[in-house]
Amino acid sequence: MKNNKLIPSLVIALFITGLCITPFISDSLHADQVHWMKYDQALEKARSENKHILVNFTTSWCGWCKKMKATTYEDAVVLSSIDKDFVCAKVDGDSYDVVSLSDGDITEKGLTRQFGVTGYPTTWFLEPDGSHIAPAPGYVDATAMTYILDYVSFNLNELMPFSDYVARRKKLESVRPTAQLKPGMSEADVKSKWGEPQSVNKTDAEVIWDYDGHDGLVFVDGKLQSYRELDGAPKASKR
């Protein structure tokens with residue numbers, strides 16, 4: 001299991017709806033927008049395409065699963081991110097259908113227990129090699145899902161806890177909402193959103209883009225990390 005200690009649950013810092021009342025949503029109202037695969041097929045595809053894996057643990061009777069299908073998995077931003085960066089698997093927690101894995105066959109019901117799933121829906125995120133990142137238990141709305149998808153696809157689980165990512169992203173969004181900046185973006189992507197910086201300053205660990213003597217963007221290894229107010233801060237030597 002890889003880096004799971006950083007994010008025991010991806011929804012700790014988010015806004016997940018309570019699960020006291022089960023909504024009724026008919027399956028027939030919404031066709032699947034996501035290309036769901038069997039778990040073993042998704043593992044194979046993810047390895048060959050070097051994509052992360054989203055595993056949707058669900059059941060036929062789960063009302064909140066149907067709500068996620070009708071809302072979160074209908075959202076255009078969510079669908080675009082999934083299509084670009086993820087392979088998706090669906091696992092029925094009540095099913096005795098067999099999944100063939102390298103260490104032997106297992107039913108979907110058994111796989112659900114193996115992942116420690118105790119409620120539905122539960123969404124697990126995996127590395128391209130199948131190692132575990134973390135689960136997001138319960139109903140996840142579209143906004144929360146876009147945060148999680150970006151966090152995982154940018155491999156930021158290797159650098160910071162999810163709660164830190166959420167705080168940094170919200171700060172970036174509040175500074176200039178129309179720019180749609182988010183941690184993990186490349187320097188080229190940031191330039192396309194904010195333009196060229198006024199100056200670029202470098203420390204041993206960071207590169208800081210100064211836009212006006214006040215607004216600064218912090219990069220590590222060419223990837224955006226956070227926003228920093230520069231007033232009164234000592235200038236590092238120019239690169």
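The model is a predicted one, in which local features need pLDDT of at least 70 and side-chain atom pairs count only at pLDDT 80 or more, whereas totals for chains, interfaces and linings use all residues. Residues are numbered from 1 along each chain as its sequence is written, and side-chain values use heavy atoms, with hydrogens and water left out.

The strands β8 and β9 (residues 207-210) pair in the antiparallel sense over four bridges; here two strands pair if DSSP finds at least two bridges between them, and helices (H or I, at least four residues) and strands (E, at least two) are DSSP runs, numbered from the N terminus. Both strands belong to an open sheet of four strands in the order β8-β9-β10-β11, with antiparallel pairing. Because β8 (199-202) and β11 (223-229) stand at the edges, each with a single partner strand, one side of each is left without a neighbour in the sheet. Neighbouring strands of this sheet are turned by 25 degrees against each other on average, direction ignored.

Helix α6 touches β10 (215-220) and β11, and its direction makes about 65 degrees with that of β11. Helix α7 touches β9, β10 and β11, and its direction makes about 165 degrees with that of β10. For such angles, axes are lines fitted to C-alpha atoms, for helices over the stretch in contact, and the values run from 0 to 180 degrees between N-to-C directions.

The nonpolar interior comes next. In soluble globular proteins, nonpolar side chains tend to be buried together. A nonpolar core is taken as a set of buried Ala, Val, Leu, Ile, Met, Phe, Trp, Tyr and Cys residues joined through side-chain atoms within 4.5 Å, where buried means under 20% relative accessible area, exposed over 50%, and partly exposed in between (1.4 Å probe, protein chains only). In the largest core, which has 52 residues, Tyr39, Leu54, Val55, Ile82, Phe125 and Met145 touch the most other members, and α5 supplies the largest share, eight residues. Leaving aside its neighbours within four places in sequence, Tyr39 is in contact with Val55, Ala89, Val91, Val99, Leu101, Leu111, Phe115 and Leu126. Apart from this core lies another, of 14 residues, among them Val200, Val207, Phe219 and Tyr227.

A search of the whole structure finds one disulfide, the term being used for a pair of cysteine sulfur atoms within 2.5 Å. It is formed by Cys62 and Cys65, whose sulfur atoms are 2.3 Å apart, and with 85 degrees about the S-S bond the link is right-handed. Cys62 counts as buried at 3% relative accessibility, and Cys65 counts as buried at 10%.

Some details of the backbone remain. Most residues other than glycine have a negative phi, and most peptide bonds are trans. The peptide bond from Tyr120 to Pro121, however, is cis, with omega near -5 degrees, and Pro121 lies in the loop between α4 (108-114) and β6 (122-126). Asn155, although not a glycine, has a positive phi of about 60 degrees; Asn155 is found in the loop between α5 (142-153) and α6 (162-175) and is partly exposed, with a relative accessible area of 30%. Gln180 likewise has a positive phi, near 55 degrees, and is found in the loop between α6 and α7 (187-194), where Gln180 counts as exposed at 52% relative accessibility.

Terms used: Contact means heavy atoms within 4.5 Å.
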